[in-house]
Amino acid sequence: MTFEDYQREAVKFRTATANNEEYLTLGLIEEVGEAAGKLAKRTRDGVWDEKAFIKELGDILWFVANLADYYDREHDTNFSAELKESFKMDTHNGATAEYTIIRVACYALDTINDCGGYFNDLIAELGDLACRFDYTLEQVAEINLAKLRDRQARGVINGNGDER
């Protein structure tokens with residue numbers, strides 16, 4: 001699966017009420033926080049659910065893909081095309097997962113402040129985190145799409161909770 005393949009499918013799950021910059025940026029921040037929270041609990045309590053963490057990376061990826069698509073359509077940017085190479089990265093940089101999620105958070109904020117200017121860095125750090133737990137971004141994308149298809153089939157694409 002390429003980034004284009006993933007994005008083409010991911011945007012199909014974006015509802016009309018989610019098709020705006022405010023929702024997409026707030027959602028990105030929320031999902032980065034959820035992933036960071038899972039690492040914080042691992043650090044503090046030793047509680048770890050790797051599969052739930054990987055799903056959170058998928059949620060972050062969904063917001064990045066959708067936000068890049070939104071910017072491309074509304075602001076005539078070319079972010080989606082630029083993300084192709086970053087999506088293929090599957091090595092990690094040696095930093096801890098905790099430090100890397102902090103960098104993801106920083107790049108998410110920088111991306112928002114710079115209207116998408118740090119998408120490649122954000123995707124590279126997501127790839128680093130995925131690799132650290134023996135996943136590729138392609139696998140994270142496939143897990144995310146499977147989750148969204150399941151929710152859609154059950155009529156719960158809108159709503160709250162990770163396990164709806």
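**Note on a predicted helical model**

1. Asp 128 and Arg 132 both lie in helix H6, four residues apart, which is about one turn of the helix. Helices here are DSSP runs of H or I with at least four residues, numbered from the N terminus. The two residues form a salt bridge, with the closest N and O atoms 3.0 Å apart. A salt bridge is a side-chain nitrogen of Lys or Arg within 4 Å of a carboxyl oxygen of Asp or Glu. Asp 128 is buried, at a relative accessible area of 2%; buried means under 20%, exposed over 50%, and partly exposed in between, with a 1.4 Å probe and protein chains only.

2. On the basis of the model: it is predicted, local features need pLDDT of at least 70, side-chain atom pairs count only at pLDDT 80 or more, and totals for chains, interfaces and linings use all residues. Residues are numbered from 1 along each chain as its sequence is written, and side-chain values use heavy atoms, leaving out hydrogens and water.

3. On confidence: pLDDT is the predictor's confidence in each residue, from 0 to 100. The protein chain has a mean pLDDT of 92, and 97% of its residues reach 70 or more. Confidence is highest in H2, at a mean of 97, and lowest in H4, at 86.

4. The structure holds twelve salt bridges. Side chains of opposite charge can pair when their charged atoms come close. In one of these salt bridges, the side chains of Glu 4 and Lys 84 meet at 3.8 Å, N to O. Glu 4 is in helix H1 and Lys 84 in helix H4, so this pair ties together parts 80 residues apart in sequence. Glu 4 is partly exposed at 31% relative accessible area, and Lys 84 is partly exposed at 33%.

5. Glu 9 and Arg 149 also meet through their side chains in a salt bridge, at 3.7 Å, N to O. This pair links distant parts of the chain, with Glu 9 in helix H1 and Arg 149 in helix H7, 140 residues apart. Glu 9 counts as partly exposed at 22% relative accessibility, and Arg 149 is partly exposed at 40%. Lys 12 joins Glu 9 and Arg 149 in a network of salt bridges.

6. Which residues touch the most other members of the largest nonpolar core? They are Leu 28 and Leu 57, in a core of 42 residues. Helices H1 (3-10), H2 (21-45), H3 (50-75), H4 (79-87), H5, H6 (119-132) and H7 (137-153) each supply at least two residues of this core, and H3 gives the most, with 13 residues. A nonpolar core is a set of buried Ala, Val, Leu, Ile, Met, Phe, Trp, Tyr and Cys residues joined through side-chain atoms within 4.5 Å.

7. Leaving aside neighbours within four places in sequence, Leu 28 is in contact with Ile 60, Phe 63, Val 64, Leu 67, Ala 108, Ile 112 and Leu 122. Contact means heavy atoms within 4.5 Å.

8. Met 1 lies in the segment before H1 and counts as partly exposed, at 31% relative accessibility. Not counting residues up to four places away in sequence, Met 1 touches Tyr 6, Phe 87, Glu 138, Ala 141, Glu 142 and Leu 145. The C-alpha atoms of Met 1 and Arg 14, 13 residues apart along the chain, are separated by 20 Å.
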